[in-house]
Amino acid sequence: MADLTAASAVELATLLRAGEVSAREVVDAHLERIAAVDGVVAEGDVWAAKPTAELGPDEPHAFLAVTASAARAHADDIDARRVAGEQLGPLAGVPLGLKDVLTMRGAPTTCGSRMLEGWVPPYDATVTERLRAADVVVLGKTNMDEFAMGSSTENSAFGGTRNPWDLDRVPGGSSGGSAAAVAGLLAPLAIGTDTGGSIRQPAALTGLVGVKPTYGTVSRYGLVAFASSLDQAGPLARTVEDAARLQSVTWGHDPRDATSVPGEVPDLLAGLEDGVAGLRVGVVQELQGEGYEPGVELVFASALERLAGLGAQIAEVSLPHAPYGLPAYYLIAPSEASSNLARFDGVRYGLRVDAPTAEEMNAATRAAGFGPEVKRRIMIGTHALSSGYYDAYYLQASKVRTLIAEDFRNAFAQVDVLVSPTSPSVAFRFGDKTADPMAMYLNDVATVPASLAGIPALSLPAGLAAAPDDPTTSLPVGLQLMAPLKRDDVMYRAAWAFEQATGFAALPTGPRAITTQEVR
C-alpha cells in the first residue's frame, strides 16, 4: 500500500502480520506526516507542539507531544519479536494517539492545562499498559479541552485543535485532538475520554467512529479525573471494526480502580457480522426536533430508513426525563470537578505561584493555572455542594439521574438498541460559541443522558449535511447508538451492519482530500 497513513488499523495489522510492511515503516510514515502538517517541532526524543503564537492556520494541532524515539524503539522491538516467531498482540505495530488526560511514563501529561505543564508521570495508566501489552505503538499525547471541560477543544491552554474537514471549524471536544489525529491521517487509532459526550461528539463532527463503553468496563486508573462517576476512556477510529478491536484490548476488570466493574465482558467481535435483521431499534422521541439543525435531521431520517431496509424493526420510544439530563449533568459534573480539582493547590505537584501565605499561594496558583472554563465549572460545582444548596441542586440532580437510568431500563425492555443524532449540529466555526457557555453546553444534549445512565453509546458517520453558514461546505453527521449495560456487543453489531450497507467506512476521504494537500 503506497499510503500507509490512509489505511485502517485492521488493514495495517493484516499487512504487518503478512510481513508486507514492518512496524518501523508504519510508524515512520505517521511520524513523517505529523512532522509535515501538525505544527510540532520535530526535534529530540519527544517532539513538542509549537507555541500557540507560532501555530499556523493550516496546522491541525492534534498532538501536544510526540514520543518519536520511544515509538520507533517499540516498533523495532515488535519487528524483532516477529522475526523471532514470538506471539504478538492483535494490533501489533499499529500506531495510536493517546489523549493527554491518561498517564504515560516518559511523556508529559498536561490535561491541556498550565497547571500540569511539564509534568511527566512516573507510571502508566491501565489503558496505556494494556495498549503496550497488545503491542499498539503510542505515537504521543493528543490535545484536549483543559481537564476535559469543553465541546470544541478551544479551551486547551496550548491552543485549539482544528477540524481536518474544514480548518476554520472545531473538531468537537474535549477529545478533539484525538479525533483530529485520526481524521487527519496522523494516526489510524486514538483513545479519548467521554464524560458527557467528549468522544462521541468529536467523532460525529469529524466523520469517525467514537465509543463510550459501559461505565466501569475500562479502567480509570491513571486517568486524571474530571467527574469520577462519569469519565470513561474509549476508542476513536475510522471503522467500526477498528473501534471494536481497540476497545477489546483496553477493557476488562482492574482491581486498582474502585469503579471497575467485576466479571466478564462480552466478545465484541464474535457477533459483529450478524446483521440487524429482526433487531428492535428504538428512536428516542426526546433526542430530536427543536434545536437540531435541519441537515442533521434529514441525515438522521435517512439513517432510519437504511436501518429499516436492513431488516431492523423501528419503533418510537420515550425517555421522558431526558430533557432534564443537560441541567442535571451540569450540576453533577461540575460538583465532582470541584472536588477532584481541589488537589491542584500548589502544594503537592503541578504549578506553584509563590505568595506570603499558604492561602494566598493557593489562590494565586489556581488563578494562574486554570483557564476560564475550568474556573467556571469549579465555581458552579462548589456552589452546588455548599451548605444550604446541596439539597436544592446536587441532590435533585442526582434524583434526575436515577430517573433517567430508569427510563433507559424501561426502554430496553421494549427494544434492543436506541438511536438518535449524536450532535444537534455539524462542526461550527472557531469562536462561534465561546462567548456563550450555554450555547456550547447544548452540544451535549443528545449524549448526556446515556452518560448519566452509564450505558454504552457509539457514534458513527451517517452522512453529510451542508453547513448552515456555508451551503457549499458538506460536513459529517453522526448517528448515535445506545445499548443496555455491558451489551456493547449489540451496539457494535448494529453499527457494523449500518456501516457495511452505507459504505461510510471510507467516509474520511473528506479530510483525506484536504490533508493530502498538506492540510490546504
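**Cavity, loops and helix contacts**

User: Which residues line the largest cavity?
Analyst: This is a predicted model, in which local features need pLDDT of at least 70 and side-chain atom pairs count only at pLDDT 80 or more, while totals for chains, interfaces and linings use all residues. Residues are numbered from 1 along each chain as its sequence is written, and side-chain values use heavy atoms, without hydrogens and water. A cavity is a set of points, on a 1 Å grid over the protein atoms alone, where a 1.4 Å probe fits but cannot get out, and lining residues have an atom within 4 Å of a point. Around the largest cavity, the lining is made of Ala-148, Gly-150, Ser-151, Gly-196, Gly-197, Ser-198, Phe-226, Tyr-329, Tyr-330, Arg-377 and Asp-444.

User: How does the lining of the largest cavity divide by class?
Analyst: Ala, Val, Leu, Ile, Met, Phe, Trp, Tyr, Cys and Pro count as nonpolar, Asp, Glu, Lys and Arg as charged, and the others, Gly among them, as polar. Sorted by class, the residues lining the largest cavity are four nonpolar, five polar and two charged.

User: What is the phi of His-61?
Analyst: Most residues other than glycine have a negative phi. His-61 sits in the loop between β2 (47–49) and β3 (63–66). Although His-61 is not a glycine, its phi is positive, at about 60°.

User: How are α2 and α3 oriented to each other?
Analyst: Axes are lines fitted to C-alpha atoms, for helices over the stretch in contact, and angles run from 0 to 180 degrees between N-to-C directions. Helix α2 (residues 23–37) and helix α3 (residues 68–83) have axes 8 Å apart and pack at about 160°. Angles under 35 degrees count as roughly parallel, over 145 as roughly antiparallel, 65 to 115 as roughly perpendicular and the rest as oblique. The pair α2 and α3 is therefore roughly antiparallel.

User: How do the residues of the contact of α2 with α3 divide by class?
Analyst: Contact means heavy atoms within 4.5 Å. From α2 come Ala-23, Arg-24, Val-27, Asp-28 and Leu-31, and from α3 come Ala-68, Ala-71, Arg-72, Ala-75, Asp-76, Ile-78 and Asp-79. By class, the residues of this contact are seven nonpolar, no polar and five charged.

User: Which residues is Val-400 in contact with, leaving aside its neighbours within four places in sequence?
Analyst: Val-400 belongs to helix α12 (residues 391–412). Its C-alpha atom is 7.3 Å from that of His-321, 79 residues apart along the chain. Leaving aside neighbours within four places in sequence, the contacts of Val-400 are Tyr-324 and Ala-328.

User: How are α9 and α12 oriented to each other?
Analyst: Helix α9 (residues 325–340) and α12 have axes that come within 9 Å and cross at roughly 125°. Ala-328 and Leu-331 are among the α9 residues that meet α12, whose side includes Val-400 and Ile-404. The orientation of α9 and α12 is therefore oblique.

Methods:
Helix = DSSP H or I, 4+ residues; strand = E, 2+ residues; numbered from the N terminus. 1 Å grid on protein atoms, 1.4 Å probe; cavity = no way out; pocket = protein on both sides within 12 Å on 5 of 7 lines; lining within 4 Å.
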